Amino acid sequence: MRDTCLPPEAVSAATETARAPAALRSAAGARRGVLLKALSGLVFAGALSACTVTPPPEAPTTRASSAAIALPLADPTLGARDPVPRAGLPSNAALTRDFLELSFALESGRALPRFTRFEGPISITLSGPVPATAPRELERLVARLRSEAGLDISTGAGAANRITVEFVPKRQMQAEVPNAACFVVPNVTGWADYRAARRTPRADWAALATRTAATVFVPSDSAPQEVRDCLHEEISQALGPLNDLYRLPDTVWNDDNFHTVLTRYDMTILRASYAPELRSGMSQPEVAAALPKVFARINPAGGAVARLREDPTPRPYIAAIERALGAKARGARRTAAAQEAVQIAAGQGWTDTRAGFAWFALGRLSMKDDPQTALRAFLNAGAIYRATPGAGIQAAHVDMQLAAFALSAGRAQDAIALVNRSLSAALEEENAALMATLYLIRAEAYETLGHTAEAAQARLDSAQWARYGFGSDAAVRARAAEVAALADAGARMN
């Protein structure tokens with residue numbers, strides 16, 4: 001299930017300023033309110049909707065002035081085009097461990113008693129008020145699934161095994177599943193059938209002996225990028241793994257939601273899921289026994305499968321992330337939960353994406369009350385991600401946040417360097433919202449430096465991505481206004 005979360009207190013700094021009578025606000029205080037509003041808004045740029053919520057039943061805090069922020073961006077890699085190591089496929093031992101953990105549990109932690117998949121050809125159809133971009137996105141995805149994962153899958157009706165993608169108005173969908181951007185359910189034929197079958201064995205993944213039908217639900221009024229992202233994640237989970245793992249850096253199957261299109265790693269896991277050595281109904285030991293042969297064939301450079309030390313993510317970490325980014329906690333409780341996740345990661349000795357995401361969450365949640373802590377958290381997250389193969393898109397999101405801080409502090413050259421470091425990863429990930437935001441930051445930074453031609457070009461570059469990423473002209477204008485407010489705050493400091 002793809003999650004979305006927009007905590008209302010993330011932008012409350014701006015509303016506090018707006019509510020105060022004008023005679024009681026100093027100019028500095030007003031500027032601070034605008035700055036914090038803009039910084040808070042940028043938290044949600046691109047795929048920064050990353051958060052964890054409780055899924056539907058088994059289906060799916062005086063504020064510091066920014067002028068006081070120390071911005072230690074003297075980094076020799078700042079001008080490097082791609083400082084994050086690229087991801088190769090893991091060893092076959094690691095793939096085996098990942099496959100078993102992905103395939104024999106749900107996101108809730110509930111164990112699955114048997115392996116299931118579709119047996120035979122699969123067809124995918126679209127229904128409901130289908131967005132104009134959806135058919136083309138589906139065709140692209142299906143072509144990749146055929147060529148990269150080797151699946152017998154097609155668009156249109158016809159196969160006995162079917163996946164339906166039903167588009168439902170966002171308001172209607174969120175009335176039932178408030179925090180899900182999209183999700184997939186087995187054995188239902190549409191929205192009405194889902195409402196009738198939820199909380200029954202028919203819609204329970206754990207009750208399946210084999211997969212024959214599933215329906216993916218996507219808001220019909222989503223931005224084109226969100227439609228695409230939902231198709232990638234939910235169709236892949238209809239086909240294969242039902243679990244998400246915080247420790248995996250290079251996959252859509254991670255509740256951090258950074259990766260938005262299927263990766264080489266994901267295609268490898270899906271290819272293994274439909275290997276002839278496997279079949280629906282196999283137990284975990286039976287699948288484990290078959291996987292060495294499977295991965296030897298599809299990843300011959302991966303070496304022999306040896307037993308690896310288990311590396312589960314403790315439920316207290318998951319619970320802390322859920323409290324930090326979910327819909328129930330408020331204010332200081334969110335920040336405390338993110339701090340708890342950071343402490344758990346440190347106690348576990350993690351230097352992987354789990355530690356990075358805990359720091360990232362703390363950065364997100366500290367921006368209103370403690371920008372200095374937020375900056376430190378983003379710097380820590382960035383250092384972890386830049387050292388992690390396959391975490392280029394995560395590092396790019398952190399750099400976007402740091403670029404926003406740099407712009408608001410009047411350090412336009414640093415902002416440009418951070419943008420430049422991020423662009424290749426954002427482009428490779430096809431993240432239009434992030435690309436548009438990065439170009440907007442570049443445009444405002446060039447404008448600050450008096451480079452009007454470069455600023456104009458950056459705005460044109462942003463426009464190429466913005467409508468696809470944000471969906472509406474109003475959303476595009478809102479993002480541009482947030483970035484312009486950062487530049488204005490930075491100019492007042494100089």
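This is a predicted model: local features need pLDDT of at least 70, side-chain atom pairs count only at pLDDT 80 or more; totals for chains, interfaces and linings use all residues.
**Helices and buried side chains: a chat**

Reader: Hi! How do the axes of helix H15 and H16 cross, and within what distance do they come?

Author: The axes of helix H15 (residues 412-428) and H16 come within 9 Å, and they cross at roughly 155 degrees. Axes here are lines fitted to C-alpha atoms, for helices over the stretch in contact, with angles running from 0 to 180 degrees between N-to-C directions. Helices (H or I, at least four residues) and strands (E, at least two) are DSSP runs, numbered from the N terminus.

Reader: Thanks! Back to that pair: are H15 and H16 roughly parallel or antiparallel?

Author: Roughly antiparallel, given their crossing angle. Angles under 35 degrees count as roughly parallel, over 145 as roughly antiparallel, 65 to 115 as roughly perpendicular and the rest as oblique.

Reader: And which residues make the contact?

Author: From H15, Ala412, Ala415, Ile416, Val419, Asn420, Ser422, Leu423, Ala426 and Leu427 take part, and H16 brings Leu434, Met435, Leu438, Tyr439, Ile441, Arg442, Ala445, Tyr446 and Thr448. Contact means heavy atoms within 4.5 Å. Sorted by class, the contact of H15 with H16 has 14 nonpolar, three polar and one charged residues. Ala, Val, Leu, Ile, Met, Phe, Trp, Tyr, Cys and Pro count as nonpolar, Asp, Glu, Lys and Arg as charged, and the others, Gly among them, as polar.

Reader: How do H16 and H17 meet?

Author: The axes of H16 (residues 432-448) and H17 (residues 452-470) come within 7 Å and cross at roughly 160 degrees, so H16 and H17 are roughly antiparallel to each other. Their contact includes, among others, Met435, Tyr439 and Tyr446 of H16, and Trp465, Tyr468 and Phe470 of H17. By class, the contact of H16 with H17 has 14 nonpolar, four polar and six charged residues.

Reader: What about H10 and H12, how do their axes cross?

Author: The axes of H10 (residues 315-325) and H12 (residues 353-366) come within 11 Å and cross at roughly 25 degrees, so H10 and H12 are roughly parallel. The crossing of H10 and H12 is left-handed, meaning that the near helix is turned anticlockwise from the far one by less than a right angle (right-handed if clockwise). That contact has eight nonpolar, no polar and two charged residues by class. Tyr317, Ile321, Ala324 and Leu325 are the H10 residues that meet H12.

Reader: Where is Glu322?

Author: Glu322 is in helix H10 as well. Glu322 is partly exposed, with a relative accessible area of 25%. Buried means under 20% relative accessible area, exposed over 50%, and partly exposed in between (1.4 Å probe, protein chains only).

Reader: New topic: is Asp98 buried or exposed?

Author: Asp98 counts as buried because its relative accessibility is 3%. Asp98 sits in helix H3 (residues 92-103).

Reader: What does Asp98 touch?

Author: Leaving out residues up to four places away in sequence, Asp98 touches Leu245, Arg247, Leu248 and Tyr265. Asp98 and Leu248 are 150 residues apart in sequence, yet 8.6 Å apart in space, C-alpha to C-alpha.

Reader: And where is Ser280?

Author: Ser280 lies in the loop between helix H8 (264-273) and helix H9 (284-298). Ser280 is buried, with a relative accessible area of 17%. The side chains of Ser280 and Thr210 are joined by a polar contact of 3.1 Å. A polar atom of the Ser280 side chain also lies 3.0 Å from the backbone oxygen of Arg117.

Reader: Last one: where does Leu239 lie?

Author: Leu239 lies in helix H7 (residues 224-239), and it is buried, with a relative accessible area of 0%. Beyond its neighbours within four places in sequence, Leu239 is in contact with residues including Phe118, Ile163, Arg211 and Tyr274.

Key:
Residues are numbered from 1 along each chain as its sequence is written. Side-chain values use heavy atoms; hydrogens and water are left out. A polar contact is a pair of N or O atoms within 3.5 Å; within protein, one must be able to donate a hydrogen and the other to accept it, and residues adjacent in sequence count only if both atoms are side-chain atoms.
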